[in-house]
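This briefing goes through a structure chain by chain, and then looks at selected contacts.

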Amino acid sequence: MEKAIKRYWPVFVLPTLAAFIIGFVWPFIQGLYLSFCKFITIDKASFNGLKNYIFALTEADFLHAFWFTALFTVVSTVCINVAALAIALALTREIKGTNLFRSVYFMPNLIGGIVLGYIWNILLNCALTLMGKPLLSLHAPYGFIGLVILMCWQQIGYMMIIYIAGLQSIPNDYLEAARIDGATESQILWKVKLPNLMPSITICLFLSLTNGFKLFDQNLALTNGDPAHKTEMLALNIYQTFYGRSGPQWKGYGQAKAVLFCILVVAIGLIQLKATRSKEVQQ
Amino acid sequence: MKKVFALLLTLTLCVGLLSACGGTKTETPASSGSSGSSSAAGSVYYLNFKPEQDEAWQNLAKAYTEETGVPVTVVTAASGTYEQTLMSEIAKSTPPTLFQVNGPVGLANWKDYCLDLTGTDVLGQLTSDGFALKDGDATLGIAYVIESYGIIANKTLLAKAGYSVDDIKSFADLKKVAEDITARKDELGFAAFSSAGMDGSSDWRFKTHLANLPIYFEYQADGIGTTDAIKGTYLDNYKAIFDLYINNSTCDPAALAGKTGDDSRNEFLAGEAVFFQNGSWEYGNLVGEGKPFTDDDLQMIPIYVGAGDEAKQGLCTGTENYWCVNNSAKEEDIQATLDFMNWCVTSETGTKAMANDMGFVIPFKAAQESPNLFVKQDAAYTAEGKMPVSWNFPTMPSENWKNEVGNALTAYAAGTGSWDAVVTAFVDGWASEYAALNG
Amino acid sequence: MEKKRTLRDNILSGILGILCIAWVYPIFMILFNSLKKETSISTGSAFQLPNSESFAGLANYVNALTSKGFLSALWYSLVITISSVVLILICCSMCAWFITRVNSKVSKALYYLFVFSMVVPFQMLMFTLSATADRLHLSSPYTICIIYLGFGAGLAVFMFCGFMKSIPITIEEAAMIDGCNPIQTFFLVVLPILKPTLISVGILETMWLWNDYLLPYLVLDRTKGYMTIPILIQYFRGSFGKVEMGPMMASIMMNIIPIIIVYLLCQKHIIKGVAAGAVKG
């Protein structure tokens, strides 16, 4: 059978592979190459050595964007996962309105980042004005909090679904057995539910980590990096370096930053893979 | 047999894929076919900066194509994304042939892409050489619109307070009127100035347009047109006018940071404030159908800061919109673009559209009179012998500089920062940004 | 004991209910603001319901529909989403079947390459990808699906592979012995088994494609006026900071409403699909 399938490779693999080369492999290789060049258009690129990387690693805005992104990611990851897990625990108790709650909490996920950004921009600015505080785009800490709130609103529902699926897959016998042994609710939570939920927790943690690091649309629409790049995250910083500044040197810088960013995200992805793998072995 | 079948299937699939690509291919010649048939005449691709004028430009482009058969594509960049859009478009296989820069600083970034316009017809149409943007001997950009800004006054409200615009001839007058209105704010029911809008929606009114005045007077005093080290001689005047704005506005200075440009405009529209610093481009938002004002209600007065000869000070008039032609475009496209520009500023249709539909005053010989009230008032001031204040903010070192000044101003208004921080951002920031630019 | 339970659960229901209102409020807020007159919309009054003075009826919606080409943007958004999802589902499931059933170094290498592409951020490719798309004339809404197939293949192939490993190979072998060639086997035997996975992958890809902003913004050919809805919404800002808030909120609503309708109709599939997708992803 394997041989038969193998003979049909042009049918099965070729279309995807061709598109994959156009849409990923070729641009990726070109991108790697260009990160060592000074260029505005691809055919006029001149080799520039490591200058772009040196610039990227010493630029204050980029470093600030890195720390801002890292802080944002950690804070939002914690907020999202704690809240999502709490809601998931509540919703698996078979209380009234579970279905309605689940549907409503999940809904923001379907709305795109740009639209979400605008919605929250209007809402938060109104709230800030009424409190007599500066607007989102004028005060970086508010921009940061705004981003966290926005991300929570969007992502809690998603993570909640995963936690619910995880909780439902815990065999009832475990819980029954624990109850018979006289365990209290909190003991059941810490000793039975959470350990069995570890795979879901790992997935959710890494999903929110990568989502946080890659965040772009929401950042663009909510604060656009204002004031003065203070709320600019990595993805937006790269975009602004690339398209927001004119002059032949900037594209190379942007591409070098993109490569660094790529390495960072891939590293997180690899750790995730390892983490989930080791969990699988344990089970 | 199986092998043959597999081969056949592969073929159909490949054909399918190819036809998907072919779909585009047939489309491309079709779309460039219109330009292909008139390939000798080339085609025009204009990347427009002003979203408000998008429709007018589209119509004008259509009219030109009908008249001459030369295809003109107009694409408008969304607000605040012009540089990004231009950056991504210029790298494409059909880049814009006509784009714009905001002045010398913008030109420095794009000059490698700008055609030298010396000797072209359209350059000859300019009313003054001052509207050409030069780099050495080469003319790389030409201004296509002149705009004015000042303090827009609601004459009706001003009369209610017992004044007229003729009472305001200097900074001292303005201060007197504004502070009197503030003193009687509760009785009158309105304030002197509309609130600020220090976020991206209108911070340019202060960090750029208002900041132009101290720069202008310093340049005047020193007899220069640009500098890489500003001294800040007139910063006290800048402080005086900004203080006047924030202490006599519709809301508490500390609450200013919570207002947007739209809020500011709406306050003015609702008659909550007498003065509103803005420019001729606001005309369409203030006067017209569904808008509360008529031409008789409004007057734009100069922004007096208490410097120079105030009796002779006019509105701030200038441009930060310069057309540039892409020198890397095809020969025939460049020619087509130059013809199009020339047509826009000389033909009846073109000049009419620019004056009436877009509300522009264009610095070209065949310009038609614009119905824009503020533009007319600017002309009236000039006729009275007043000197328009030129736009010097294209010489500001960078966006970054403006942002730093803007942040310092916001902090100052909110009471969390000192004026010294504004001075530092203004003077030291100028020098360091210029150093970064050239270093 | 039992009674105490229900009381606690009721309190919990109450809390979650309040949270629910907080969850829907932002959308509700946009809805009633989109019904206000342009001049009545200000930063500080976004929480006020429209009154007789500020109520503008559907004027903003009419404005949004007519002024910036909303309908054409909607059409392009639909075309891009549907064509790309269909293409991704068919091509990637075929590719994934090949990868799981053929045990060779090449297929393994392919698999890892796809997985790798899944994590690479778009910023890495944005410039070179849009340049490639431009050069190959893939920059129209009708052909951008090829770009999406390439860029979106990673996730789809990865998910399909994960599910296909769990399908017993014997059914396929039986079909082959009965005289089916691999193509027949795939479409007649494998694809029907794969239906739940197809739905999950389809939903995930649809959510991504419908809301994607940067890729179409950079790739689509502006000179022909191609725009998707997320791009269009940006055009309600004027060059001097004037934002047409009314029409902008109206178009935000018109972007959200179809999503909510689809969500209400096939909620179960969506939630299941997301759960399944996440567990595998």
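Helices here are DSSP runs of H or I with at least four residues, strands are runs of E with at least two, and both are numbered from the N terminus. On that basis, chain A has 14 helices and two strands. The model is predicted, and the points below are computed from it.

**Chain A**
- The C-alpha atoms of chain A occupy a box of roughly 75 × 70 × 30 Å along the principal axes.
- Chain A has 283 residues, and 49% of them count as buried.
- Taking contacts in chain A between residues at least 6 apart in sequence, 71% link residues at least 24 apart.

**Contact between chains A and C**
- Chain A contributes 72 residues to the contact and chain C contributes 66 residues.
- On the side of chain A that touches chain C, the largest share comes from helix 3 (residues 14-34) of chain A, with 13 residues.
- By class, that side of chain A holds 53 nonpolar, twelve polar and seven charged residues.

**Chain B: overall**
- Chain B contains 18 helices and twelve strands.
- Along the principal axes, the C-alpha atoms of chain B fill a box of roughly 95 × 50 × 50 Å.
- Of the 439 residues in chain B, 51% are buried.
- For contacts in chain B between residues at least 6 apart in sequence, the share that joins residues at least 24 apart is 74%.

**Chain B: domains**
- Chain B is assigned domain 1 (1-33), domain 2 (38-145 + 319-365) and domain 3 (147-317 + 375-438).
- Domain 2 of chain B and domain 3 of chain B have C-alpha centres 30 Å apart.
- Their contact involves nine residues from domain 2 of chain B and eleven residues from domain 3 of chain B.
- The side of domain 2 of chain B that touches domain 3 of chain B is made up of four nonpolar, four polar and one charged residues.

**Chain C: domains**

**Chain C: helix 6 and helix 9**
- Helix 6 (residues 144-164) of chain C packs with helix 9 (residues 195-211) of chain C at an angle of about 150 degrees, and their axes are 10 Å apart.
- Angles over 145 degrees count as roughly antiparallel, so helix 6 of chain C and helix 9 of chain C are roughly antiparallel to each other.
- The crossing of helix 6 of chain C past helix 9 of chain C is right-handed.
- On the helix 6 side of chain C, the residues that meet helix 9 of chain C are C:Y148, C:G152, C:A156, C:M159, C:F160 and C:F163. Their counterparts in helix 9 of chain C are C:T197, C:V201, C:E205 and C:L209.
- This contact of helix 6 of chain C with helix 9 of chain C comprises seven nonpolar, two polar and one charged residues.

**Chain C: C:F32**
- C:F32 belongs to helix 1 (residues 2-33) of chain C.
- C:F32 has 15 other C-beta atoms within 10 Å and is therefore partly exposed.
- Beyond its neighbours within four places in sequence, C:F32 contacts C:L49 and C:P50.
- C:G17 is 15 residues from C:F32 in sequence, and their C-alpha atoms are 21 Å apart.

Note on methods. Residues numbered from 1 in each chain as written. Chains lettered and ligands numbered in written order. Predicted model: local features only at pLDDT ≥ 70, side-chain atom pairs only at ≥ 80, totals over all residues. Axes fitted to C-alpha atoms, helices over the stretch in contact; angles between N-to-C directions. Parallel < 35°, antiparallel > 145°, perpendicular 65-115°, else oblique. Left-handed = near helix turned anticlockwise from the far one by under 90°. Contact = placed C-beta atoms within 7 Å. Nonpolar A, V, L, I, M, F, W, Y, C, P; charged D, E, K, R; others polar. Buried ≥ 20, exposed ≤ 12 C-beta atoms within 10 Å, placed from the backbone. Domains from an automatic or database assignment.
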